[in-house]
Amino acid sequence: MAAPMDTSQNLSGPEWMVEKAQKCVRTDLFASKSLLITARSLYPRNFRIQFEAYKIEKSAKKTTEGAAILLDMFQHFFDEPVLQDELQALTTALQSDSQDSSVTILRDMFDSFPPKAKYDILQKSSEYAKNMIEKSRCKLLLMKHFSEAISLYGVSLAESLIDCEKAEGEKSALNPYRNLLVCEVLPLVIANKQIDVPLKFYAKWLQKSMAYYLSYITHPPRKHDQLGSSTPVLTSPGLNSPPSTKVSGYTRPGFEGAPIEGSVDGWEKMHEMIVKIAEKCGWNLQAIPKISGSVTSRFQHISECYRQQPADSPAVNKSIFYSTVLLFLKTAFFYASTVDAESFASTSIGHPTALLLLEDLNARLKSKKHKHKHKKMRLDENDIPLDSDSSDDPGLSSIPANLKVNKSYGVTPELIENFETAVDCWKLLYANEYLEKDFNWLLHRWKADKWLWLTSFQTDMMIFKGDFAQALRMLQEKHKQMSSMPLAEVAKNKLKILLQMAACHFRLGQFSSACEMTLDAVNLMPSSENPVTKPTAPEKPAHASKYTRMLFLLPVTGRELLPYCIHLLLQCYKKKSFHHHNTKDDKALGHMIVLMQYDWPKEESFFADAVKKIRKQGTFTYPLFFRFIINIDILEEFAFLATEEGGPVELDLLPLTQRQKVVTRGVVKGGKEEFRMALETQVRRCDENVEFLLKQFLVSERDTLLEHLM
């Protein structure tokens, strides 16, 4: 039998020695190393022998020996793809905190290199990097290990990252190029005293840094569908939604391989960047308040600096401008993310419901007190209607506004302080042409019109300032955008927009439109909610006065918003019945009386005006009376109106199916008995839930409610 063929005999000298060494390494490490030492001596320019020797030393964790071979290969075989992959692994290990042995051995070998070798390896690796990210990371390592490299490569690296971001068409600031720029490159460049570039570079870097951190802070969480994939619920500020990373203690959008390390306060980082840029550009540091103070004290500091310095001073303007922008963004987002907490925090049971800013429709410019009149209202013919409501007064929008505190809804003094400070910052940013120009340009640069949280704040700010026409235009644009979306996805937001539109229409004296928007909002309220209850009374503001417009934040639930809808509609009908029309309109008057039942007995004085008007007319027809009026005081008053002492008034209140032929004034054949029986039946309904009844009324009588406000 022939002996088996020794395949190694077919190999040339170098290959045979490598294969022999590989076989020996499993059984006799020293024999394997001896073979490779001999091979390296015989074939010093054979890369495979050198790399195999390196692998054995690396596996044995021989740092010095492995580093020597790696350095020798770098000097003679750099173009070898396998070596370039190993050097990439080395640069990756230098960026990692991992304690894995395969990573630590690479870091230890690099540390054993002489300084020049380190410099050459990092510089050469950056030149042969496969993409801009790898190239940038190698340059970063070079700058971190050799400070003199910062002045050589820092500025060009920063600009290259900006150019690559633009070339890649990145729509969001949350991308790996911006991450490297803001978190790693710029801190080194700005801190280097040898770098001196035109001021426009620093301004550009600051704006990109602020946009980056703002994106992390404001980007909402993503909701997962049944398949486990995720989509952003809000595209603010960016449009893309990469994987997530940890920022400021929350899960924020990020990207694999380029996270912000640890827990980072984006607002603090923006403040630090402003201070550093101000130092480099020679801006007035005194105009930049400390971040530790309250938002009110910080604004007061900025405002004081603004008053003390010339308005056309560029150095002062820049410090004031960026400090004010930062404070505005921080306070406006605090407000927006609090009132719409569902969009900015992980959804869980018991999470705070979204809040909606609405104006107290009882704003009054004159203070009149009405004595409570119980039961039958025997009115003198010379009585003056008790109407001190001036809510549609043209000068109302110029009156200072206050937000009401209501801790049970989460409307805290802190929330109000942030909102009012944001409004003050906005005013300051439009205080002169220099600030206004820079602010508008910055918002345009950041594409801030796509930040839904900011547009929501702006709408609330316009309502707060009394600019109802502008607020209405913004709300109508939002409503138009939602018209093409499935109702199930936007129902809550549409409900909020409709109610704010209704309030703006009301303030502008457009009562028919206000009524229409309100009734549309009622139709969007979930029908499965429990019957509403009277809303919790908000706490009075510290500086309230009879000349102050009041606003409040209500939870976006039917329980809290239905009372507001009822009240708004009632106010519209008061205008219809007592202010703008002298013609007889029993249906409008009847609708108003139905709505008065909700806030009884507060509406008793206005009911007295309604009764006076009915007595003056001598007749009153309202076929819906026995369907929707169950208040005992109102029923008793109408029973009194039908008597000789109370009028008599010719009342036609029975439904069409129950009416009898009228014979003479106030006398109907069989009518008095039917009227008496209907009243007795109605009295037994007095304990029904009035809120539930009124919602039925608003839904079923929508067309007639609108018809009688035209």
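Me: What makes the charged end of Lys124 count as sitting over the ring of Phe78?
Reply: This is a predicted model, to start with. In it, the charged end of Lys124 is 5.6 Å from the ring centre of Phe78. The cut-off is within 6 Å of the centre, and within 35 degrees of the ring normal, so the contact counts as a charge over a ring.

Me: Where else does a lysine do that, with Phe201 say?
Reply: Lys204 has its charged end over the ring of Phe201, 5.0 Å from the centre.

Me: The whole structure has 34 aromatic pairs. Why is Trp283 with Tyr322 called stacked?
Reply: Their ring centres are 5.6 Å apart and the planes meet at 10°. Pairing needs centres within 6.5 Å, and stacking needs planes under 30 degrees apart, so this pair is stacked. Trp283 sits in the loop between α12 and α13, Tyr322 in helix α14, 39 residues apart.

Me: And why is Phe625 with Phe638 called edge-to-face?
Reply: Here the centres are 4.9 Å apart, with the planes at 65°. Over 60 degrees counts as edge-to-face, so that's the label. Phe625 belongs to helix α24 and Phe638 to helix α25, so the pair ties together parts 13 residues apart in sequence.

Me: How do you know that Phe625 is buried?
Reply: Its relative accessible area is 0%, and buried means under 20%, so Phe625 qualifies. Phe638 is buried too, again at 0%.

Me: What makes strand β5 largely enclosed?
Reply: Five of its five residues are buried, so the rest of the structure largely encloses β5. Leu355, Leu357 and Glu359 point one way, Leu356 and Leu358 the other.

Terms used:
Residues numbered from 1 in each chain as written. Predicted model: local features only at pLDDT ≥ 70, side-chain atom pairs only at ≥ 80, totals over all residues. Heavy atoms only, no water. Buried < 20%, exposed > 50% of the residue type's maximum accessible area, 1.4 Å probe, protein only. Helix = DSSP H or I, 4+ residues; strand = E, 2+ residues; numbered from the N terminus. Phe/Tyr/Trp six-rings, centres within 6.5 Å; stacked < 30°, edge-to-face > 60°.
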